[in-house]
Amino acid sequence: MIKLIFDDSFEGFLTAIYDAFYSKEEITYIGVEDNSDLDMLTRKIYIETDINKYRKVKDAIVCKIDPLALNKIYTLYLSSYTNKGLLCYKYLKLGFKYGSDIHKHLYLNEVKDVNLIERRVTYEVHRFTGFVRFSIINKKFLYASIEPDHNILELLSPHFADRFNNEYWIIHDVKRNIASIYNKVSWEITEMNDDMYAYLKSHNDEFEDLWRSYFKSTTIKERLNPKLQRKSMPKRYWKNLTEMQE
């Protein structure tokens with residue numbers, strides 16, 4: 001039995017899937033480095049990202065299944081699901097067997113799980129289109145920090161590139177130390193260090209105060225419903241919402 005460890009890129013993800021298909025041993029895990037103990041029968045194999053293998057798997061998914069399956073797998077990769085590599089491997093084994101009809105086999109656990117994870121990721125993207133709160137930094141660019149459950153920056157950025165296409169902005173995923181940076185033309189994902197985050201997070205501007213004042217002034221105390229509020233806007237997101245800051 002073996003565990004396949006890749007470098008946490010999508011290219012590495014599909015490279016590991018390629019090696020899994022050609023392995024003669026039982027695969028028990030496909031993912032990034034984990035801290036779990038190995039038993040006497042299990043060993044780790046570190047996979048070096050191979051663009052040729054990545055392209056072969058990607059092309060095979062599109063040609064032998066369909067582009068929809070590739071989109072689902074990419075969304076699965078962006079999710080925080082612990083054993084997404086092994087799920088992808090099992091899903092593709094079925095996909096190469098059934099072709100595009102895989103989407104009709106909703107009773108299969110692998111198909112149900114992939115669809116469920118896809119819904120959770122896309123739903124979180126939809127939520128954050130309304131949860132992102134920008135501050136103006138030095139009257140030059142907009143900045144917002146978020147801590148989503150899934151790695152959604154790439155899926156979220158097109159919405160804000162369209163909505164704020166005439167602004168410079170940064171959306172920072174604090175949990176993953178990455179940020180999407182937009183320059184009025186295009187956006188890209190890059191790493192964000194702790195020092196830069198501390199500087200940006202400590203900044204306060206007049207629009208934050210105006211937003212808090214507006215939020216308080218429009219709140220009708222008699223109609224407050226904390227239970228409904230937590231359902232619509234989960235508490236784990238509150239610390240990055242301007243109106244929830246004192």
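Predicted model: local features only at pLDDT ≥ 70, side-chain atom pairs only at ≥ 80, totals over all residues.
Start with helix α1, residues 10-21, and helix α4, residues 84-98. Their axes come within 10 Å and cross at roughly 60°. Angles of 65 to 115 degrees would count as roughly perpendicular, and those under 35 as roughly parallel. The α1 and α4 pair is therefore oblique. The crossing of these two helices is right-handed.

Which residues make the contact between α1 and α4? On the α1 side they are Phe13, Ile17, Ala20 and Phe21. On the α4 side they are Lys84, Gly85, Cys88, Tyr89, Leu92, Lys93 and Phe96. Sorted by class, the contact of α1 with α4 holds eight nonpolar residues, one polar residue and two charged ones.

Now turn to helix α3, which covers residues 67-78. Its length can be checked. With 12 residues at 1.5 Å a residue, α3 should span 16 Å. The end C-alpha atoms of α3 are 17 Å apart, which agrees.

The buried residues of α3 are Ala69, Leu70, Lys72, Ile73, Thr75, Leu76, Tyr77 and Leu78. What covers them? The cover over these buried residues includes α1 and α4, together with α2 (51-65), α5 (109-131) and α6 (153-163).

Is Thr75 buried or exposed? Its relative accessible area is 9%. Buried means under 20%, so Thr75 counts as buried. Setting aside neighbours within four places in sequence, Thr75 is in contact with Glu118 and Val121.

Key: Residues numbered from 1 in each chain as written. Heavy atoms only, no water. Axes fitted to C-alpha atoms, helices over the stretch in contact; angles between N-to-C directions. Helix = DSSP H or I, 4+ residues; strand = E, 2+ residues; numbered from the N terminus. Parallel < 35°, antiparallel > 145°, perpendicular 65-115°, else oblique. Left-handed = near helix turned anticlockwise from the far one by under 90°. Contact = heavy atoms within 4.5 Å. Nonpolar A, V, L, I, M, F, W, Y, C, P; charged D, E, K, R; others polar. Buried < 20%, exposed > 50% of the residue type's maximum accessible area, 1.4 Å probe, protein only. Expected span 1.5 Å × (residues − 1).
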